[in-house]
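Please open the structure in your viewer and keep the selection panel at hand.

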Amino acid sequence: MGYQGHFRVWRGSAEGGGLEDFTVEVNEGEVVLDVIHRLQATQTPDLAVRWNCKAGKCGSCSAEINGKPRLLCMTRMSVFAEDETVTVTPMRTFPVIRDLVTDVSYNYRKAREIPAFKPPEGVAPGEYRMQQVDVERSQEFRKCIECFLCNNTCHVIRDHEENKESFAGPRFLMRVAELEMHPLDEADRVQQAQSSHGLGLCNITKCCTEVCPEHIKITDNALIPMKERVADRRYDPIVWLGNKLFRRS
Amino acid sequence: MPELERHSFDVLVIGAGGAGLRAAIEAREHGMRTAVLCKSLFGKAHTVMAEGGIAAAMGNVNSNDNWQVHFRDTMRGGKFLNNWRMAELHAKEAPDRVWELETYGALFDRTKDGRISQRNFGGHEYPRLAHVGDRTGLELIRSLQQKVVSLQQDDFAETGDYESRLRVFQEFTVTDLVLDDGRVAGAFGYWRESGRFVLFEAPAVVLATGGIGKSFKVTSNSWEYTGDGHALALRAGASLINMEFVQFHPTGMVWPPSVKGILVTESVRGDGGVLRNSDGKRFMFDYIPEVFKDKYADNEAEADRWYTDPGNNRRPPELLPRDEVARAINSEVKAGRGSEHGGVFLDVSTRLPAEEIMRRLPSMHHQFKELADVDITAQPMEVGPTCHYVMGGVRVDPDTGASSVPGLFAAGEVSGGMHGSNRLGGNSLSDLLVFGRRAGAGASDYVAGLSARPVCSDEAVAEAERTAVAPFSGSDAGGENPYTLHMELQQAMNDLVGIIRRAEEMEQAVERLEELKRRAATVVVEGHRQFNPGWHLALDLRNMLLVSECVARAALLRTESRGGHTRDDYPSMDAEWRRKLLVCTLSGSSVEVVEEPQVPIRPDLLELFEHSELQKYLTADELEG
Ligand SMILES: Cc1cc2nc3c(=O)[nH]c(=O)nc-3n(C[C@H](O)[C@H](O)[C@H](O)COP(=O)(O)OP(=O)(O)OC[C@H]3O[C@@H](n4cnc5c(N)ncnc54)[C@H](O)[C@@H]3O)c2cc1C
Ligand code: SF4
Ligand code: SF4
Ligand code: FES
């Protein structure tokens with residue numbers, strides 16, 4: 001059942017590094033993370049990899065497998081041929097700390113820059129009333145496990161360090177959309193999305209949507225509607241001054 | 001010795017799951033300078049994995065629900081061994097804690113009239129679990145995380161520094177608490193990334209480190225669950241209770257091997273899924289215990305009617321408390337009626353339309369599709385018991401979360417008492433919020449009342465550092481590999497102190513643990529302190545061994561079966577044992593377990609039960625008294 005698989009894993013640190021070749025046992029039903037763990041236990045006790053739930057729920061184990069941004073714990077070995085070399089490298093957009101572990105603090109910084117949920121005034125806890133259809137749009141975005149694969153993929157920052165300052169990345173632009181579509185939120189972040197979070201830099205290539213392990217339609221359901229709103233407001237001062245966007249009522 | 005990094009805070013919260021974050025929010029709101037420390041990244045603690053929901057008697061779906069009913073269900077689930085005061089506070093305060101999450105921005109699934117929807121779960125009389133599909137834990141942790149960020153934004157607006165009052169230190173492991181004359185003075189640990197040591201000086205520490213499942217081979221728990229908080233508390237002089245009670249969740253994945261143990265949420269059964277053996281029989285009807293006969297249907301027709309008419313029918317036996325279902329599955333497999341890979345079949349495909357399954361159980365669908373090539377809308381799942389939750393933990397004052405060590409508090413899975421001998425599904429997430437908040441407040445009040453701050457002595461710090469680097473210098477002769485020891489430990493706990501226990505095996509386990517402890521003293525790791533998983537495991541091992549010893553020794557002493565403690569040699573429940581707690585403390589390097597009387601239940605709470613029900617649990621003189 002098991003076979004000897006060929007792996008090429010990036011090893012190194014901020015100072016530099018390179019790909020190293022390994023031959024390692026692979027068993028039926030395993031995922032890439034299992035094989036990385038076997039490497040740790042048998043050949044490279046200090047191979048650094050980040051993981052936690054091993055069930056695709058925590059978003060810790062993001063990396064690139066044969067160049068594709070993926071979760072290590074949700075990539076089954078059966079998708080590769082037995083004689084295929086599987087190359088595992090760290091996410092490219094974030095600085096390497098060691099081996100497969102990258103410094104994702106960019107994401108936590110951006111999260112802080114998005115103004116938080118503003119609860120409705122005068123509505124006591126327990127009195128919130130929302131319809132399922134109205135919460136569903138934001139709920140889709142709240143499925144996000146913060147694996148940061150979308151941010152890793154987006155070309156605006158993937159090879160453009162200089163854009164990181166002004167661009168929150170799809171993950172956090174989506175967070176703006178999520179709050180804007182929250183039926184009871186009372187803040188307005190739309191202009192800010194354009195001016196401070198770099199919505200204008202997104203040219204809707206949908207690469208972020210393609211890599212999202214939660215299958216969230218980031219571009220279609222979050223980014224494009226936001227762009228439309230920004231445009232609407234530019235052209236129509238009434239809407240600009242008017243009600244909060246996306247609200248049904 | 002390179003410069004030691006030092007920080008000083010008022011309240012230190014160890015753990016960034018539901019309990020830790022709620023405690024930190026509370027401490028910060030009490031004006032304390034607060035730090036949260038966690039082993040993984042912020043937002044990825046174990047709580048993120050919770051699926052089914054959070055129990056709170058809001059009465060949104062069935063208005064007959066109230067705190068008294070929730071209290072009763074919790075006590076029944078725990079077979080009356082629960083700390084009644086904790087169960088009372090929990091039942092009373094859970095709704096407020098859930099509603100509060102909405103003010104942080106949480107978006108639960110809704111009822112038709114726009115309230116928070118609630119679903120059925122094992123052991124809960126009414127639909128009670130607030131949920132978001134089957135990713136409730138993610139919603140809970142994200143909401144708390146976002147609340148933390150929003151408080152940091154407030155602090156930024158005021159002070160120009162996001163972290164002036166509330167700071168998160170992620171990918172950091174605490175290895176020891178530092179004491180000053182028996183009181184908490186701080187905590188010592190290392191950055192996982194660089195291996196650099198850090199001393200946190202703080203007069204109050206809230207332990208919110210979660211569970212111990214990584215000591216067992218088949219588990220739904222992640223690498224974080226090495227019982228660190230349990231061990232830190234023991235070493236600081238606090239005591240643990242109820243350590244013999246470990247919950248085996250009835251439904252974990254059994255195939256393929258690499259995913260063995262991963263949880264299959266109970267909502268599958270709450271939403272209509274049924275258990276069948278290899279003969280295609282719904283076997284749970286054969287396993288309804290005497291104490292539950294009047295609450296559970298004894299035939300399929302009635303069980304099926306219950307989903308639409310719960311008022312006039314008894315509930316399906318698939319929804320019995322977890323310990324009952326886990327034992328039943330175990331028996332079926334032992335009797336040779338299991339599935340190909342040693343589980344039984346959990347089927348929702350013949351019970352709900354595919355669309356409905358996709359809507360209600362999206363992440364289960366995803367999980368099976370991606371990891372096992374099984375489409376749960378068309379095929380049954382293969383499931384079997386998996387180590388899931390530890391009922392035992394730090395003995396705390398119910399109202400404040402204070403342990404017996406001044407300045408040391410605990411909340412969440414690391415604390416003990418609330419769930420008695422068995423936790424009901426959904427009662428953990430609510431526990432985290434209710435007691436996280438209380439521990440945060442308790443720690444704040446304690447700090448506010450101090451006249452002088454305790455001090456971390458240089459010797460104590462040097463000692464902690466020596467312990468932490470010991471694995472590098474390991475003994476030259478026969479240095480042990482931490483991975484090997486860990487595997488042996490997991491195997492021993494699984495085989496000898498697992499779901500069904502007996503004296504000889506547990507005695508063997510205790511011996512095996514002694515031997516492992518001796519060998520662990522000679523553990524050697526290679527390399528340097530920079531991100532070194534082998535070293536991390538070597539340090540975790542010391543905690544796992546200590547906690548496993550508590551489980552094994554306490555389990556050996558309790559000569560009855562109750563909740564998460566089932567003995568072949570003492571198969572029934574014994575009312576005398578209900579009045580006793582087994583209390584673990586550390587003496588030297590060994591665990592000592594002593595019997596102590598359980599706090600009697602307050603009379604007005606006892607009155608919430610029918611006399612006939614109490615007769616099943618209480619002794620004759622308690623009933624008269
Ligand atoms: C798969 C699964 C599904 C579940 N579903 C449900 C459900 O539907 N409903 C329900 O009520 N319960 C559920 N539970 C149980 C529930 O999720 C847990 O009991 C609960 O989340 C524990 O929360 P906590 O805050 O106590 O700890 P955790 O969320 O586990 O957090 C522990 C924290 O402590 C940190 N930590 C630990 N040791 C150290 C150390 N030495 N130094 C620094 N930091 C440390 C960790 O990094 C982590 O941040 C489920 C559990 C699992 C495994
Ligand atoms: S759609 Fe926009 S955000 Fe997404 S990858 Fe393309 S440019 Fe980046
Ligand atoms: S949106 Fe998807 S890809 Fe982006 S961080 Fe969230 S889960 Fe990951
Ligand atoms: S380890 Fe959690 S998503 Fe992979």
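This is a predicted model: local features need pLDDT of at least 70, side-chain atom pairs count only at pLDDT 80 or more; totals for chains, interfaces and linings use all residues.

**First stop: ligand 1**

Select ligand 1 and display its surroundings. The shell comprises 40 residues, and the closest of these are T47(B), E224(B), Y225(B), D228(B) and E413(B). By class, 16 residues of this shell are nonpolar, 18 are polar and six are charged.

At R423(B), an N or O atom of the side chain is 3.4 Å from a nitrogen atom of ligand 1. At S428(B), a polar side-chain atom and an oxygen atom of ligand 1 are 2.8 Å apart. How much of the accessible area of ligand 1 does the protein cover? Taken on its own, ligand 1 has 1000 Å² of accessible area, of which the protein covers 99%.

Now colour chain B by secondary structure. Two or more residues of the shell come from each of α1 (18-29), β3 (34-38), β8 (172-180), β16 (381-390) and α11 (427-448) of chain B. Helix α11(B) gives the largest share, with four residues.

**Second stop: two helices of chain B**

Select residues 67-77 of chain B, which form helix α2, together with residues 84-103, which form helix α3. Two packed helices are described by the angle between their axes and the distance between the axes. Here the angle is about 140° and the axes are 8 Å apart. The helices α2(B) and α3(B) are therefore oblique to each other. Their crossing is right-handed.

Move to chain A and select ligand 2. The surrounding residues are C154(A), H155(A), P170(A), C202(A), N203(A), I204(A), T205(A), K206(A), C207(A), C208(A), T219(A) and L223(A). Helices α8 (207-211) and α9 (218-235) of chain A each contribute at least two residues to this shell. Which classes of residue make up the shell around ligand 2? Seven residues are nonpolar, four are polar and one is charged.

Finally, select ligand 3. Its shell consists of C144(A), I145(A), E146(A), C147(A), F148(A), C150(A), M174(A), C212(A), P213(A) and I218(A). Nine residues of this shell are nonpolar and one is charged, while none is polar.

Terms used:
Residues are numbered from 1 along each chain as its sequence is written. Chains are lettered from A and ligands numbered from 1 in the order in which they are written. Side-chain values use heavy atoms; hydrogens and water are left out. A residue is near a molecule or strand if one of its heavy atoms lies within 4 Å of it. A polar contact is a pair of N or O atoms within 3.5 Å; within protein, one must be able to donate a hydrogen and the other to accept it, and residues adjacent in sequence count only if both atoms are side-chain atoms. Accessible areas come from the Shrake-Rupley method with a 1.4 Å probe; for residues, only the protein chains shown count as cover. Ala, Val, Leu, Ile, Met, Phe, Trp, Tyr, Cys and Pro count as nonpolar, Asp, Glu, Lys and Arg as charged, and the others, Gly among them, as polar. Axes are lines fitted to C-alpha atoms, for helices over the stretch in contact, and angles run from 0 to 180 degrees between N-to-C directions. Angles under 35 degrees count as roughly parallel, over 145 as roughly antiparallel, 65 to 115 as roughly perpendicular and the rest as oblique. A crossing is left-handed if the near helix is turned anticlockwise from the far one by less than a right angle, and right-handed if clockwise.
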